[in-house]
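Thanks for passing this one along. Here are my notes, arranged as numbered points you can check against the coordinates.

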Amino acid sequence: MPVTRTGRCSRQSVLVASCALLAAPCLPCSAAPAHEIAIEIVREGEFVSVRASAELKANARTAWEVLTDYDHLAEFIPDLRSSRVVQRTPDGVLVEQKGEFGFLFFKQSIEVTMAVSEEPPRRIVARAVAGNMKDMEGSYELQPSEAGVRLAYSGRFVPDFFLPPLIGMPIVRRSLERRFRAMVEEIERRDALARTKPKP
């Protein structure tokens, strides 16, 4: 049965609990601009389709640097244990990631190797070439906006493992929401740091 969720979340006075995973200290919320996040997750047959977007008062260059910081994604993305560049060629980047998603008694390990194509400074496309996903593809896009930059993600995947029928989609939804929100918050955090650095 299809499951759809759309929501808009204002920035909290402190970052979400996943902020504890950040390698660097979190800034107080007064140092980072407010933002809104829109997320839609739909079950379409065996595929889970995701669309997410956020309007950020951030520099597009900073956003690009965060999105392509593959070796450090595990420092701020919840439930991502490791992320590393396996190979970099003129045609793209091969990235290996390991993590998990779950809630309470249910935990599922995720291992995926992705072929990433970069189209700087606006678009990143990734597709799974190994791991426990039957199919997985997604893209990030950066677009100019009145606020500064609009971050948009779209993707879909088919897991190569069992999802409990009643709690599977809520668990997936919770995990994807947390991960996208963490990406947004890291972009804002780095942008705020860059703005507070004294100019030479």
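1. Ground rules. This is a predicted model, in which local features need pLDDT of at least 70 and side-chain atom pairs count only at pLDDT 80 or more, while totals for chains, interfaces and linings use all residues. Residues are numbered from 1 along each chain as its sequence is written, and side-chain values use heavy atoms, with hydrogens and water left out.

2. Fold. The protein chain has 2 helices and 9 strands, taken as DSSP runs (helices H or I, at least four residues; strands E, at least two) and numbered from the N terminus. In sequence order the pattern reads β-β-β-α-β-β-β-β-β-β-α. Of the 200 residues, 44% are buried (under 20% relative accessible area; exposed is over 50% and partly exposed in between, with a 1.4 Å probe and protein chains only). Among contacts (heavy atoms within 4.5 Å) between residues at least 6 apart in sequence, 56% join residues at least 24 apart.

3. A search of the whole structure turns up 2 cavities of 30 Å³ or more. On a 1 Å grid over the protein atoms alone, a cavity is a set of points where a 1.4 Å probe fits but cannot get out, a pocket is an open set with protein on both sides within 12 Å along at least five of seven lines, and lining residues have an atom within 4 Å of a point. Grid points are joined across faces, edges and corners, and a volume is the space filled by probe spheres set on the points. The largest cavity holds about 810 Å³ of space.

4. Its lining. Around the largest cavity are 36 residues, with Q97, M136, Y140, Y153 and R179 nearest its centre. By class they are 25 nonpolar, 6 polar and 5 charged (Ala, Val, Leu, Ile, Met, Phe, Trp, Tyr, Cys and Pro count as nonpolar, Asp, Glu, Lys and Arg as charged, and the others, Gly among them, as polar). Helix α2 (168-196) is among the elements that supply at least two residues each, and its 7 residues are the largest share.

5. The aromatic pair. Which two rings make up the pair? They are Y140 and Y153, tilted at 50 degrees between the planes and 4.9 Å centre to centre. Rings of Phe, Tyr and Trp (its six-membered ring) pair if their centres lie within 6.5 Å; planes under 30 degrees apart are stacked, over 60 edge-to-face and the rest tilted. Y140 sits in β8 (133-144) and Y153 in β9 (149-159), so the pair ties together parts 13 residues apart in sequence.

6. The largest pocket. This pocket holds about 210 Å³ of space, and its lining divides into 2 nonpolar, 5 polar and 5 charged residues. R156 is one of the lining residues. R156 also lies over the face of F47, 3.8 Å from the ring centre (the test is NZ of Lys or CZ of Arg within 6 Å of the ring centre and within 35 degrees of the ring normal).

7. Backbone spots to check. Most residues other than glycine have a negative phi, and most peptide bonds are trans. The bond from P120 to P121 is cis, with omega near 5 degrees, and P121 is in the loop between β6 and β7. D79, not a glycine, has a positive phi of about 65 degrees.
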